[in-house]
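Please keep the sequence and the model in view while reading.

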Amino acid sequence: MNKSRKKSKKDGGISFGVIFFILAFAAGITFLILSLIIPKKSNTDDTLSTAINENTTKTNNNIDNPDDAAKSKTPSQYDDTGMKKTDPNSMNMSITKNEVVDGKYQVRVTIYEILTEPGTCELEMKSANGDYIKRSAKVINAGPDSTSCEGFDIKTEGISSGAYSFTITVTSGKHTGKVDGTIKI
């Protein structure tokens, strides 16, 4: 005698509705806990915006003369030692690349001002062995507030290895600037 038994709710089976209710309840509790633990993003952004606005207001309040306002938007010009430039015709500049890559010595210079007149960059390299290398490049516009040397790419093949000291001199009209460095080839 085979009697087939059908499971009924009375036999201890859990219905789909009960499982769904338990999962929904657990998800709601998890969401509530996470929303209390993790701070809201907008509060941080509002605090940051307020701090930036206060700082900008303080900076602008220090300007008494409208001509000074225009000057304050232009960065102060410093030489490569960090000291205020004493010569208005000197340039604020730095070496932005100085390395040997794929058999070429590459050096790049950025000038932190716009030069309106054509100019040249001259690289002079000297080694402890007495080797001397001299190259020239053009001055080019690099961006809205800077100028650059076109760059120097010197093949290292045929150059004696060792430490070199170098000077890059930039001239444009009455403006001049020099920056020094070293490289090991």
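## Basis of the model

The model is predicted, so local features need pLDDT of at least 70 and side-chain atom pairs count only at pLDDT 80 or more, while totals for chains, interfaces and linings use all residues. Residues are numbered from 1 along each chain as its sequence is written, and side-chain values use heavy atoms, with hydrogens and water left out.

## The nonpolar core

A nonpolar core is a set of buried Ala, Val, Leu, Ile, Met, Phe, Trp, Tyr and Cys residues joined through side-chain atoms within 4.5 Å. Buried means under 20% relative accessible area, exposed means over 50%, and partly exposed lies in between (1.4 Å probe, protein chains only). In soluble globular proteins, nonpolar side chains tend to be buried together.

The largest core of this kind has 24 residues, and the residues with the most contacts inside it are Tyr105, Cys121, Leu123, Met125, Phe166, Ile168 and Val170. At least two residues of this core come from each of strands S2 (104-111), S3 (119-127), S4 (132-143), S6 (152-155), S7 (163-172) and S8 (175-184). Strands (E, at least two residues) and helices (H or I, at least four) are DSSP runs numbered from the N terminus. Leucine 123 is in contact (heavy atoms within 4.5 Å) with Val107, Ile133, Lys134, Arg135, Phe152, Ile154, Phe166, Thr167 and Ile168, leaving aside residues up to four places away in sequence.

## Salt bridges

Side chains of opposite charge can pair when their charged atoms come close. A salt bridge is counted when a side-chain nitrogen of Lys or Arg lies within 4 Å of a carboxyl oxygen of Asp or Glu; by this rule there are 3 salt bridges. One of them joins arginine 108 to aspartate 153, at 3.0 Å from N to O. Because arginine 108 lies in strand S2 and aspartate 153 in strand S6, this pair ties together parts that are 45 residues apart in sequence. Arginine 108 is partly exposed at 23% relative accessibility, and aspartate 153 is partly exposed at 43%.

Lysine 134 and glutamate 122 also form a salt bridge, at 3.4 Å from N to O. Lysine 134 belongs to strand S4 and glutamate 122 to strand S3, so the pair ties together parts that are 12 residues apart in sequence. Lysine 134 has 44% relative accessibility and is partly exposed; glutamate 122, at 26%, is likewise partly exposed. Glutamate 99 is bridged to lysine 97, with the closest N and O atoms 3.7 Å apart.

## An aromatic pair

Rings of Phe, Tyr and Trp (its six-membered ring) pair if their centres lie within 6.5 Å; planes under 30 degrees apart count as stacked, over 60 as edge-to-face and the rest as tilted. The whole structure holds 2 aromatic pairs. One of them, phenylalanine 21 with phenylalanine 25, is stacked, with 6.5 Å centre to centre and 20 degrees between the planes. These two residues are separated by about one helical turn because they stand 4 residues apart in helix H1 (residues 16-37). Phenylalanine 21 is exposed at 59% relative accessible area, and phenylalanine 25 is exposed at 53%.

## Glutamate 150

Glutamate 150 sits in the loop between strand S5 (146-149) and S6 and is partly exposed at 46% relative accessibility. Beyond residues up to four places away in sequence, glutamate 150 touches Ala137, Lys138 and Ile140. Its C-alpha is 9.2 Å from that of serine 136, a residue 14 places away in sequence.
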